[in-house]
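Let's learn to read a protein model together, one feature at a time. Keep the picture open while we talk.

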Amino acid sequence: MKYKDRQGNFLQDDETQEKIIRFLYGTYPGQKILPSLTHKRLSKCVGGFLSTKVSALLIPYFVKRNNINPRDFEMSGHKSFNDFFTRRLAPGAREVDMRPEVLISPCDSKLMVYPIEESQGHRRSRFTIKGIQYNMEGLTQSMKLAEVFAGGKLLVFRLAVDDYHRYCYVDNGDKSQNYRIRGAFHTVNPAACEKVAVYKENERVISILKSENFGIVMMMEVGAMMVGRIINYDGPTYVKKGMEKGMFRFGGSTIILAFQKGMVELDRDIMLNSQQGIETKVSYGEKIGRRVYR
């Protein structure tokens with residue numbers, strides 16, 4: 001799957017991984033194997049192994065295979081592969097744009113923006129990802145949230161295995177408690193999203209931020225194949241922009257943000273890419289848009 005960086009250059013995901021995903025989701029033998037791979041039991045088993053000392057032997061291969069830049073991260077003292085996978089950034093590796101009017105990316109990822117349609121009295125609040133139609137009520141299991149975000153924007157941040165797997169708050173504000181929705185663990189690879197309503201079926205955690213600059217923001221972390229745990233640090237509390245919100249254990253995963261109608265304006269390159277069905281590579285703390293002044 002191709003995507004673009006902020007300079008407009010095309011980049012390429014791992015083609016081998018995409019071929020495997022297309023086999024699993026697009027062929028009869030693959031679909032027979034798939035249920036065992038997406039079951040929570042397997043993710044727990046893999047996550048358990050990756051927390052053992054012996055799993056640390058995988059770290060050098062992973063760094064080389066995924067071209068991890070050691071200058072960006074704390075690279076020493078890891079007791080297991082999961083310990084390394086949730087490694088922290090090195091000081092100065094990412095700068096968080098703290099201007100209050102600026103919307104930042106909560107993570108290193110590939111970003112797509114989707115308009116949330118208004119239809120049938122806001123109840124459906126539809127949007128389409130990779131040809132599959134969703135609605136906010138199905139995504140959040142809340143009719144009330146569907147109404148709040150009707151006509152707004154949905155931002156989908158897809159994290160691959162080589163991305164930094166910690167994430168932050170995009171603004172100051174009052175955060176709600178976390179609501180967990182149980183589900184499966186499909187991969188979030190775009191090839192799978194063409195076949196299955198991944199974001200409606202996967203396990204996910206929802207919280208709400210009453211932000212100081214962007215109105216009410218829905219924050220959602222989505223688990224994926226081989227992701228052992230979604231770890232959020234905070235319950236209901238006041239949070240600050242750039243403050244670390246949580247992390248994912250091993251695997252690809254996704255963060256979804258929803259904004260109310262007329263609250264944010266995304267950067268031009270991101271919107272143009274999204275309109276063409278192309279993801280944009282963004283970094284933790286980087287400017288991706290700004291608030292709309294009224």
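Predicted model: local features only at pLDDT ≥ 70, side-chain atom pairs only at ≥ 80, totals over all residues.

Q: Let's start with the helix α10. Which of its residues are buried?
A: To read a helix, ask which residues are hidden and which way they point. In α10, which spans residues 268-275, the buried ones are Ile 270, Asn 273 and Ser 274. They sit on the same side of α10, because they cover an arc of only 100 degrees around the axis.

Q: And which exposed residues does the face turned away from the buried side carry?
A: Arg 268 and Gln 275 are the exposed residues over there.

Q: What covers the buried residues of α10?
A: Look for whatever touches them. The cover includes β1 (2-4), β4 (109-115), β18 (279-282) and β19 (287-291).

Q: You mentioned β19. How do I read its pairing with β3, and how many bridges are there?
A: Check the direction of the two strands, then count the bridges. β3 (residues 102-104) and β19 pair in the antiparallel sense, with 3 bridges. One detail to find on screen: Leu 103 has Gly 289 of β19 as its bridge partner. Strand β17 (residues 264-266) also runs antiparallel to β19, and 3 bridges join them. There, Glu 265 stands opposite Arg 290 of β19.

Q: Now a loop. Is Pro 236 buried or exposed?
A: Go by relative accessibility, where exposed means over 50%. Pro 236 has 62%, so it counts as exposed. You'll find this proline in the loop between β13 (230-232) and β14 (237-239).

Q: What does Pro 236 touch away from its sequence neighbours?
A: Skip residues up to four places away in sequence, and you get Lys 175, Ser 176 and Gln 177. Also, the C-alpha atoms of Pro 236 and Asn 178 are 8.0 Å apart, while 58 residues separate the two along the chain.

Q: Last one: which side chain of opposite charge is nearest to Asp 171?
A: For a charged residue, look for a partner of the opposite charge. The nearest for Asp 171 is Lys 241, 5.6 Å away, and this buried aspartate has no salt bridge. Asp 171 lies in the loop between β8 (166-168) and β9 (173-175).

Q: Then which backbone nitrogen does the Asp 171 side chain reach at 2.8 Å?
A: That's the one of Asn 213.

How values were computed:
Residues numbered from 1 in each chain as written. Heavy atoms only, no water. Buried < 20%, exposed > 50% of the residue type's maximum accessible area, 1.4 Å probe, protein only. Helix = DSSP H or I, 4+ residues; strand = E, 2+ residues; numbered from the N terminus. Arc of directions from axis to C-beta. Contact = heavy atoms within 4.5 Å. Pairing = 2+ DSSP bridges. Lys, Arg positive; Asp, Glu negative; His and termini not counted. Salt bridge = Lys/Arg side-chain N within 4 Å of Asp/Glu carboxyl O. Polar contact = N/O pair within 3.5 Å; in protein donor to acceptor, adjacent residues only side chain to side chain.
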